[in-house]
Amino acid sequence: MIPNCITSLRIIGSALLLLAKPFSPYFFIVYTVCGVSDVLDGFLARALNAESETGSILDSISDIMFYSAMLFHIVPYLIPILPLPIWYAVTVILAVRLCAYLIAGIKYRRFASIHTYANKITGGALFCVPYLIHIFDPIAVCSAVCIIGGYASMEEILIHVFSNKYSPNVKSIFLIGKFKNSDPQ
């Protein structure tokens, strides 16, 4: 229950981010609390042996809401800065991600998002974008995030295609055999 409450905090924080002025101190405080809650809820769920399918779904929903709120603020800032090829890459990555959800929906008859290592690294990289684009070249930062996100999206499609059943705990396409016959949690 505690991890789900923390996840719910991220949902509320995501709504508050929509009210924040981009890159303001208030924005970064709420943004950071949301990011810390993302790490903390999963850590506590494992530590308290409180992992559940409901918690996993709630976590995926809160992630989508959080990153949607983030993109609402960050994309307008990046549009004039980033070259067109990066936007094409983002479009392709989002299309691949949606295809992964579609494949999983058809195959497993449910929403399925896998918490792979690559997805976690992508989440961390996306989280760092608002901080890093003010320190490093935004084109380099966003290019690196696209490479990571593209790999993670393709990996998730491949896992869905080659898995016999939904296994949310598959950590990598290279470990899929370990989870092929396991029951989902």
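Me: What is the mean pLDDT of the protein chain?

Reply: The model is predicted, and the mean pLDDT of the protein chain is 89. Of its residues, 95% reach 70 or more.

Me: Where in the protein chain is confidence lowest, and where is it highest?

Reply: Confidence is lowest in helix 7, residues 176-179, with a mean of 58. The highest mean, 95, belongs to helix 6, residues 138-162. Over residues 179-185 the pLDDT is below 50, and this stretch has 18 contacts in the model beyond near neighbours in sequence.

Me: Why is Ile86 called buried?

Reply: Buried means under 20% relative accessible area. Ile86 has 8% relative accessibility, so Ile86 counts as buried. This residue lies in helix 4.

Me: What does Ile86 touch?

Reply: Leaving out residues up to four places away in sequence, Ile86 touches Ile139, Cys142, Ser143 and Cys146. As for Thr122, 36 residues apart from Ile86 along the chain, the two C-alpha atoms are separated by 16 Å.

Me: Which other residues of helix 4 are buried, and what covers them?

Reply: Besides Ile86, the buried residues of helix 4 are Trp87, Ile93, Val96, Arg97, Ala100, Ala104 and Tyr108. What covers the buried residues of helix 4 includes helix 3, helix 5 and helix 6.

Me: How do you know what span to expect of helix 5?

Reply: The expected span is 1.5 Å times one less than the number of residues. Helix 5, residues 117-132, has 16 residues and should therefore span 22 Å; its end C-alpha atoms are 21 Å apart, which agrees. Helix 4, with 25 residues, reaches 36 Å from its first C-alpha to its last, close to the 36 Å expected.

Me: Which residues of helix 5 are buried, and what do they pack against?

Reply: Ala118, Asn119, Thr122, Gly123, Ala125, Phe127, Val129 and Pro130 are buried in helix 5. The buried residues of helix 5 pack against helix 2, helix 3, helix 4 and helix 6.

Me: Why is Asn49 called exposed?

Reply: Exposed means over 50% relative accessible area. Asn49 has 68%, so Asn49 is exposed. Its place is in the loop between helix 2 and helix 3.

Me: What is the phi of Asn49, and what is the phi of Phe23?

Reply: Asn49 has a positive phi of about 50 degrees although it is not a glycine. Phe23, also not a glycine, has a positive phi of about 65 degrees. Phe23 lies in the loop between helix 1 and helix 2. Arg109, which follows helix 4, has a positive phi near 55 degrees.

Me: Why is Arg110 called partly exposed?

Reply: Partly exposed falls between the buried limit, under 20%, and the exposed limit, over 50%. Arg110 has a relative accessible area of 22%, so Arg110 is partly exposed. This residue lies in the loop between helix 4 and helix 5.

Me: Which residues does Arg110 touch?

Reply: Not counting residues up to four places away in sequence, Arg110 touches Glu53, Ile57, Ala104, Gly105 and Tyr166. Arg110 and Tyr166 are 56 residues apart along the chain, and their C-alpha atoms are separated by 9.2 Å.

Me: What makes up the lining of the largest cavity?

Reply: The structure holds 1 cavity of 30 Å³ or more, and the largest cavity has a volume of about 30 Å³. Its lining consists of Ser56, Ile57, Ser60, Arg110, Phe111, Ala112, Ser113 and Tyr166. By class, this lining has 4 nonpolar, 3 polar and 1 charged residues.

Conventions
Residues numbered from 1 in each chain as written. Predicted model: local features only at pLDDT ≥ 70, side-chain atom pairs only at ≥ 80, totals over all residues. Heavy atoms only, no water. pLDDT = per-residue confidence, 0-100. Helix = DSSP H or I, 4+ residues; strand = E, 2+ residues; numbered from the N terminus. Contact = heavy atoms within 4.5 Å. Buried < 20%, exposed > 50% of the residue type's maximum accessible area, 1.4 Å probe, protein only. 1 Å grid on protein atoms, 1.4 Å probe; cavity = no way out; pocket = protein on both sides within 12 Å on 5 of 7 lines; lining within 4 Å. Points joined across faces, edges and corners; volume = space filled by probe spheres on them. Nonpolar A, V, L, I, M, F, W, Y, C, P; charged D, E, K, R; others polar.
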